[in-house]
Amino acid sequence: MQHYQRHTEPAADFSDALDVIRDYHAHFLDLCEGLAQLVEQIELQAISGDFGMRARQLRQAFMTAFALHHHDEEHTLFPCVKHTSRQTLDAILQQLETEHLEIDLVWSWLMPLLQDTGQVRDYRQFSHALRQFVQLLQRHIDNEEQTLLPVIEQLLTPGQRQRIGASMQRDRLTGIVW
């Protein structure tokens, strides 16, 4: 299990916006493994002293990465491709934005419990919600990787993807707040 004490930028390079999105997807899948380890501890009834600290670290890593990633997608990338001549793309974007809301709903329930695991009253329910969150996020990432990114890759030129990536990098330098 990696420790997530402070935000480390998952994007290795901002020269292509789609690579930034993919780097964040890989980062989220790594964080999901950390949540799955918490579920395993709960199910084995092996909650140790560092359980709360690990939960808080994962919470913080997700919060920071979610803010940046959702901004990248919904305010930087999606507007560049919305309302193109491809109706199917608009439908895909709408579905993905709905999935963001579903993920955010489960996350909003988990967030305070990950901050203070002493508030957990029902570890079975907590474990179920963690597992549900991981499954929702993994399915969402698969949807983006399989349906959205290939379409955008064909739609945007390398120069456009580079400009969008530069915009994402600028947002980090100016400290976007979502």
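This text goes through side-chain pairs that link parts of the chain in a predicted model.

Residues are numbered from 1 along each chain as its sequence is written, and side-chain values use heavy atoms, with hydrogens and water left out. Because the model is predicted, local features need pLDDT of at least 70 and side-chain atom pairs count only at pLDDT 80 or more, while totals for chains, interfaces and linings use all residues.

Side chains of opposite charge can pair when their charged atoms come close. A search of the whole structure finds eight salt bridges (a side-chain nitrogen of Lys or Arg within 4 Å of a carboxyl oxygen of Asp or Glu). One of them joins arginine 172 to glutamate 9, with 2.9 Å between the closest N and O atoms. Arginine 172 lies in helix α5 (residues 158-174) and glutamate 9 in the segment before α1 (17-43), so this pair ties together parts that are 163 residues apart in sequence. Helices here are DSSP runs (H or I, at least four residues), numbered from the N terminus. Arginine 172 is buried, at 17% relative accessible area, whereas glutamate 9 is partly exposed, at 27%. Buried means under 20% relative accessible area, exposed over 50%, and partly exposed in between (1.4 Å probe, protein chains only).

Helices α1 and α4 are also linked by charged pairs. Glutamate 145 forms a salt bridge with arginine 22, and the closest N and O atoms are 3.8 Å apart. A second pair is formed by glutamate 43 and arginine 131, whose side chains meet in a salt bridge of 2.0 Å, N to O. Since glutamate 43 lies in helix α1 and arginine 131 in helix α4, this pair ties together parts 88 residues apart in sequence. Glutamate 43 is partly exposed at 47%, and arginine 131 is partly exposed at 33%. Salt bridges that share partners join Asp19, Arg22, Glu145 and Glu153 into one network.

In helix α2 (residues 51-81) lies glutamate 74, which is partly exposed with a relative accessible area of 23%. Its side chain makes a polar contact of 2.3 Å with that of histidine 100. A polar contact is a pair of N or O atoms within 3.5 Å; within protein, one must be able to donate a hydrogen and the other to accept it, and residues adjacent in sequence count only if both atoms are side-chain atoms.

The structure also holds 11 aromatic pairs. Rings of Phe, Tyr and Trp (its six-membered ring) pair if their centres lie within 6.5 Å; planes under 30 degrees apart count as stacked, over 60 as edge-to-face and the rest as tilted. The rings of phenylalanine 66 and phenylalanine 133 have centres 6.0 Å apart and planes at 80 degrees, so they are edge-to-face. This pair links phenylalanine 66 in helix α2 with phenylalanine 133 in helix α4, 67 residues apart. Phenylalanine 66 is buried at 7%, and phenylalanine 133 is buried at 0%. Ring pairs link Tyr24, Phe28, Phe62, Phe66, Trp107 and Phe133 into a cluster.

Tyrosine 123 and phenylalanine 126 both lie in helix α4, three residues apart, about one turn of the helix. Tyrosine 123 is partly exposed at 29%, while phenylalanine 126 is buried at 1%.

Methods: Helix = DSSP H or I, 4+ residues; strand = E, 2+ residues; numbered from the N terminus.
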